[in-house]
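Please keep the sequence and the model at hand while reading.

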Amino acid sequence: MIPASRKAAADYRQHRLHRLLTPRSIAVLGVSARRRNIGAIVLANIGATGFRGRVVGVGREPGVVGDMPVVRSLEEAGQVDLAVVSVPAAQVLGALKTGASLGIRNYAIIAGGFAESHDAGADIQDELRQLAEVGDLAVLGPNTVGFINYRARVNPSFAPWWKLDRPPGDVAIISQSGGTAGAIMVLGARAGARFSYLIASGNEAVLDLVDYLGYVGADPRINTIVIYSEGFRRGRSVVARIAELREAGKNVVVLGAARGMSAARAAVSHTGAVATPGDISRQLLESAGAMVVDTPQDAAGVLAMLASKRPLPSGNRILVFADAGGSGVLASDLADEAGLCVPELTATTQSELERFVPEYGSARNPVDPTPTVFGDRLRLTEVLRLAVSDDNIDALAIASAHDNPGAVRMARVTAQAASQASKFAFAVWNAGSGQVAAQYQRLGLPYFDDPRCAFQSLSKILTAASVGPQALRRAAAAARACPDEAAGVRRADPGDGLLVLTEDVVEAAFTRVGIRVVPGRTCTNADEAVAAAGDLGFPVVLKSVSPEVPHRARVGAVVLDVGDEDHVRQAYQQIWQAVRSATGGGHAGTMLVQAQAQAGVEAFLGIRKVAGFGPVATVGVGGPAVEAQPVVAFALIPVERASLEEMIERAPLLRASLDKDREAQFLEIVSQILRWWTDQADELGLVELDVNPIMFDAAGAFVADALGVRQSL
């Protein structure tokens with residue numbers, strides 16, 4: 001039987017991208033032997049790394065760059081594993097056709113001027129994609145600075161900051177932006193991380209994030225992958241791949257999920273308003289075990305924690321060991337904000353510490369042993385040992401205010417003491433220095449000049465670790481259930497041919513499959529409304545069901561607590577005038593008369609087809625406050641019962657509003673509606689669905705209002 005480690009290594013070497021990213025021979029197209037153009041820089045960078053394979057430049061004028069030959073044509077260069085293309089965009093297709101005819105299958109297209117620039121470039125990029133598909137070509141880019149493979153000692157890029165000046169490590173970076181990849185690499189290296197791959201994926205015309213994740217994830221030497229993406233073309237496959245990598249024990253850090261609010265501003269439905277692309281992608285990635293960060297500095301903070309020589313803590317209880325009261329309070333506040341816990345030490349530990357800590361210090365948590373103790377190395381070591389050994393503590397944070405004449409000595413002593421402690425430890429200084437940092441880093445202890453970043457980084461690691469194997473498998477299964485092609489639905493704006501399915505239409509469809517809705521009847525005049533109200537029983541609600549007015553409450557097209565026939569006629573006229581005013585004199589549509597539900601708990605379910613991810617479910621509190629709630633929960637459809645329960649936990653206001661019985665009723669009706677969506681959404685052309693509110697009575701949960709949004713054909 002082949003050992004698992006050997007099999008993984010074999011799978012990695014047989015991956016279709018292996019010869020692209022670990023080439024044995026390289027040709028660089030677009031090299032000038034006389035001037036330092038981009039092609040010449042790429043060629044020089046390859047030569048400077050100690051690459052052992054054959055390297056040749058291709059340009060108009062033959063010559064030499066360093067000790068590497070430059071020939072006139074790709075035919076003269078001969079067969080190579082990788083062709084780096086640094087010619088104008090208009091010449092790229094010809095270069096690939098020539099290369100393909102010579103049997104060259106792997107390309108890194110440095111050239112820009114494609115879809116990122118103008119329509120003509122987008123057309124060339126489409127042709128490039130088609131050429132690659134027909135010829136089975138592996139293409140990095142276009143519009144990329146290249147890549148670097150530390151282990152293969154190859155740097156086919158023009159990036160000056162990508163240096164092969166340190167041993168390879170267990171981190172890979174996949175980034176659409178070369179500059180962002182460089183920032184993560186520089187900051188991560190300072191924090192102690194070591195890299196094996198930096199891949200700038202550029203426009204991802206052919207190969208994309210999913211492909212690169214497959215390759216670096218299969219490398220048994222890679223433990224952490226950092227991603228920067230400006231949009232997920234195959235979002236479901238990304239989620240599935242990340243969940244699978246996490247279950248295999250690998251860390252995934254994601255930077256750059258779009259957080260713009262433009263989609264919310266243009267929303268037709270509540271779902272569109274609360275389900276912004278950034279919020280959705282962040283939660284979906286986190287549910288797959290990814291650590292989602294906002295800046296390169298935050299990514300480097302996570303890398304610093306992961307680079308520690310100590311096993312990561314199993315819990316979130318932090319001992320703050322401070323050199324001053326202010327340092328301890330600030331650190332404790334930031335730990336709390338990050339979702340960590342700064343618990344009080346046990347009475348036994350406090351009693352033991354009080355033998356060493358003066359009365360004007362603190363033996364609780366944060367622990368402030370005072371300068372008296374910090375000046376005594378043996379005493380300090382014992383105080384720290386006692387405090388960190390407390391049963392209430394999972395990790396140690398050494399907090400200090402700033403660099404000062406005694407700072408390096410204090411850092412050295414605390415680093416030595418922390419390295420001997422039994423638990424994970426890191427240092428946070430509000431204003432440290434390179435010398436201070438070195439005292440901790442030489443002993444494998446993470447060091448931070450930004451305390452906020454330190455605590456947030458640890459919190460993200462612990463949160464990712466809390467996503468267990470079953471949840472990861474559910475995330476992967478849900479993501480795989482809908483093919484990426486079906487997830488590529490474009491989200492249209494209101495002026496882009498969207499059609500509204502009014503409440504009466506949606507609720508009638510629900511009723512046909514047994515989903516409970518509030519009783520109601522549509523009417524075309526006031527007399528019909530009066531008759532309907534009499535049959536339903538007062539009080540009733542009157543609503544417009546005009547497709548031109550999806551947000552009825554905003555224009556006064558909903559009247560509650562209608563208590564008698566005169567009030568019905570008055571409400572009917574009021575709504576008729578409101579709709580006419582809102583539509584510029586357009587058709588007021590019909591009215592819906594409903595039995596008025598008793599006030600109580602209101603919940604919300606939204607479904608939206610999101611580009612790259614396909615159908616996504618949203619839950620939160622319902623009613624008028626739906627768009628004001630700070631946090632709602634998202635999940636890919638299909639959603640298993642256990643995943644629905646997790647969604648409720650991630651929506652704090654909803655969680656607080658549902659008792660055990662209401663939760664069970666909510667889960668049941670949501671499951672019914674999700675099944676209806678799966679069966680009917682494509683046939684109806686739905687791109688969004690609002691069910692707001694879902695309400696409750698003695699018989700269970702029911703739909704009190706609903707709205708569908710279709711995309712015109």
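## A buried phenylalanine

Is Phe426 buried or exposed, and what is its relative accessible area? In this predicted model, Phe426 has a relative accessible area of 1%, which puts it under the 20% limit and therefore makes it buried.

## The aromatic pairs of Phe426

Across the whole structure, a search finds eight aromatic pairs. One of them joins Phe426 and Phe448, whose ring centres are 6.5 Å apart and whose planes stand at 85 degrees, so the pair counts as edge-to-face. Because Phe426 belongs to strand β16 (residues 424-429) and Phe448 to strand β17 (residues 447-448), this pair ties together parts that are 22 residues apart in sequence. Phe448, like Phe426, is buried.

Phe426 also forms an edge-to-face pair with Phe455, with 5.7 Å from centre to centre and 75 degrees between the planes. Here the link runs from strand β16 to helix α20 (residues 451-465), where Phe455 lies, and the two residues are 29 residues apart. Phe455 has a relative accessibility of 0% and so counts as buried. Together with Phe424, the residues Phe426, Phe448 and Phe455 form one aromatic cluster.

## The protein as a whole

The protein has 27 helices and 28 strands, and its C-alpha trace spans about 95 × 80 × 55 Å along the principal axes. Of its 713 residues, 56% are buried, while the accessible surface comes to about 29,100 Å², with 51% of that belonging to carbon and sulfur atoms.

Among contacts with a separation of 6 or more, 70% are between residues 24 or more positions apart. The protein carries 68 positive and 75 negative side chains, and the centres of these two sets lie 11 Å apart.

Methods
Residues numbered from 1 in each chain as written. Heavy atoms only, no water. Phe/Tyr/Trp six-rings, centres within 6.5 Å; stacked < 30°, edge-to-face > 60°. Helix = DSSP H or I, 4+ residues; strand = E, 2+ residues; numbered from the N terminus. Buried < 20%, exposed > 50% of the residue type's maximum accessible area, 1.4 Å probe, protein only. Contact = heavy atoms within 4.5 Å. Areas by Shrake-Rupley, 256 points an atom, 1.4 Å probe, with all protein chains shown as cover. Lys, Arg positive; Asp, Glu negative; His and termini not counted. Charge placed at Lys NZ, Arg CZ, Asp CG, Glu CD.
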